[in-house]
Amino acid sequence: SCLMDPLPKEEFFEACTSPKAFKRLVFNLCFFHAVIQERRLFGPLGWNIRYEFTENDLRISARQLQMFLDDYPDDVPIKALQYLTGECNYGGRVTEAMDRRLIKTLLASYYCDEAMDPGFKLFDAGGDGPVYVQPPDNTSHEDHLAHIASLPLITPPGVFGFHENANLTKEMGETYTMMAELLLTAAQGGGGGGQSPDEVVGEIAKDVLGRMPPAWNIAKVQETYPTLYSESMNTVLAQELTRFNGLIKVIQSSLKDIQKAIKGLLLMSAALESAFFEMFDGQTPAMWIKYSYPSLKPLGGYVNDLVERLKFFQNWIDHGAPVNFWFSGIYFQQAFTTGASQNFARKYQIPIDTLTFDFFYPKDQHPVVKPEDGVYTYGVFFEACKWDWDQWQIGESDPKVLFVSVPVIHLMPCEKSKLRDFANYECPCYKVSTRKGVLSTTGHSTNFVMPIRVPSDVPEAHWIKR
């Protein structure tokens, strides 16, 4: 970053009327530029969307830094620099809300008043780990380059704000990408002994069809769970069953057509052929995903997960609404949270647009009685942190443990003006770990569900970077 024009030019690097502040902050700016570029290698852990930050972002930010320091030599305008760099130059291309929060948090670690202090550290691994500091004051551009060359060759993930486990996530992502590319080449070659593709896919189709229940009779279910003003969950149930019915019909019809095509009774279309080879490779067919809830699971895991979801809703139909809802097993979580809010709003005669959610984590992790208000939920997982059962708050991940179950959450609707104030981290909740989604016709993201406040005794910026 420090080699990008105009930084190597002496007439630029030495021209600022506040040389100490400029050299400190321009080094921090280059460090920030390198960090946000390197975070892209860590996939969704680094950025929800892979942004193409450019040299021009760094160039204009460096020129603005010099200009502001020349105009205000006695008082470094940190807030103005943070806004221009984080919101305009780099932030102008950042479209996702959580990514905007991240880039502002990262920049605030480098563009800050503390950066003027002699002992300021860009990163401290602690113990015997490396410490990243700024170059000494009143040094030349060549000295800055020499200082950079003295930094460790292997950069620990903590420099980018990550836990050590992030290296595992990065390497797994690279492995999955490589295997996906290998599958493309393997599909072009011939096979050896063993079962033929027709036999393998035929057995899979027979097994999945045997495990798939028939579609629900929505009208009959609504006789038991009619639309009621006082119970919005009945409407949520009907909507969920309708969505799953559509998915069941697509899966059953496609598998039956594949069986007929294997026997030569039906001409295989391009979509069916694609589904055939995806099933042979152990992947979930794209034609299913089109009508499905978001899922990254391979074919076997997807079918098992789907069967469990269908059992959950069948149990709801047979025995009434559960005490503890499988939050991640619901097709459209936003409809479920809206139903919980509607029940509360209608019970207490409160406008629903004045409500938000508060989050409680009951000590009893196996509730047997429904709460007075709100709903109990389970089935959510933490990534890049864990639940500390002793401190009853989030804490650092254990080594080599990437995902950890979240305790039962009591989703409690409440008025925005009465929301509790406690030390917390506003944790984004996603349906799948890719984190990236698109805005659907309902106005909701296809992936992001809601922010969930979790108790934490460390600054929120620590977890935002994670």
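In the protein chain, residues 24 or more positions apart account for 71% of the contacts with a separation of 6 or more, a contact being a case of heavy atoms within 4.5 Å. The model is predicted, so that local features need pLDDT of at least 70 and side-chain atom pairs count only at pLDDT 80 or more, whereas totals for chains, interfaces and linings use all residues. Residues are numbered from 1 along each chain as its sequence is written, and side-chain values use heavy atoms, with hydrogens and water left out.

The secondary structure of the protein chain comprises 15 helices and 12 strands; these are DSSP runs numbered from the N terminus, with helices (H or I) of at least four residues and strands (E) of at least two. Along the principal axes, the C-alpha atoms fill a box of roughly 80 × 65 × 40 Å. Of the 466 residues in the protein chain, 45% are buried, where buried means under 20% relative accessible area, exposed means over 50%, and partly exposed lies in between (1.4 Å probe, protein chains only). The protein chain exposes about 23800 Å², of which carbon and sulfur atoms supply 56%; accessible areas come from the Shrake-Rupley method with a 1.4 Å probe, and for residues only the protein chains shown count as cover. There are 43 positive and 56 negative side chains, and the centres of the two sets lie 7 Å apart. Lys and Arg count as positive and Asp and Glu as negative, while His and the chain ends are not counted; the place of a charge is NZ of Lys, CZ of Arg, CG of Asp or CD of Glu.

The structure holds 33 aromatic pairs. The rings of phenylalanine 32 and tyrosine 90 form an edge-to-face pair, because their centres are 5.2 Å apart and their planes stand at 85°. Phenylalanine 32 belongs to helix 2 (residues 19-38) and tyrosine 90 to the loop between helix 4 (78-89) and helix 5 (97-110), so the pair ties together parts that are 58 residues apart in sequence. Phenylalanine 32 is buried at 0% relative accessibility, and tyrosine 90 is buried with a relative accessible area of 0%. Tryptophan 47 and phenylalanine 53 form a tilted pair, at 5.5 Å centre to centre and 55° between the planes. For these pairs, rings of Phe, Tyr and Trp (its six-membered ring) have centres within 6.5 Å, and planes under 30 degrees apart count as stacked, over 60 as edge-to-face and the rest as tilted. Tryptophan 47 is buried at 3%, and phenylalanine 53 is buried at 5%. Ring pairs also link a cluster that includes Phe244, Trp288, Trp326 and Phe336.

Tryptophan 326, a member of this cluster, has the charged end of arginine 309 over its ring, 5.9 Å from the centre. Arginine 346 lies over the face of tyrosine 229, at 4.7 Å from the ring centre. A charge sits over a ring if NZ of Lys or CZ of Arg is within 6 Å of the ring centre and within 35 degrees of the ring normal.

Positive phi values occur at alanine 384, near 75°, and at lysine 400, about 65°. Alanine 384 lies in the loop between strand 6 (381-383) and strand 7 (386-388) and is buried at 14% relative accessibility. Lysine 400, in the loop between strand 8 (393-395) and strand 9 (403-405), is exposed with a relative accessible area of 69%.
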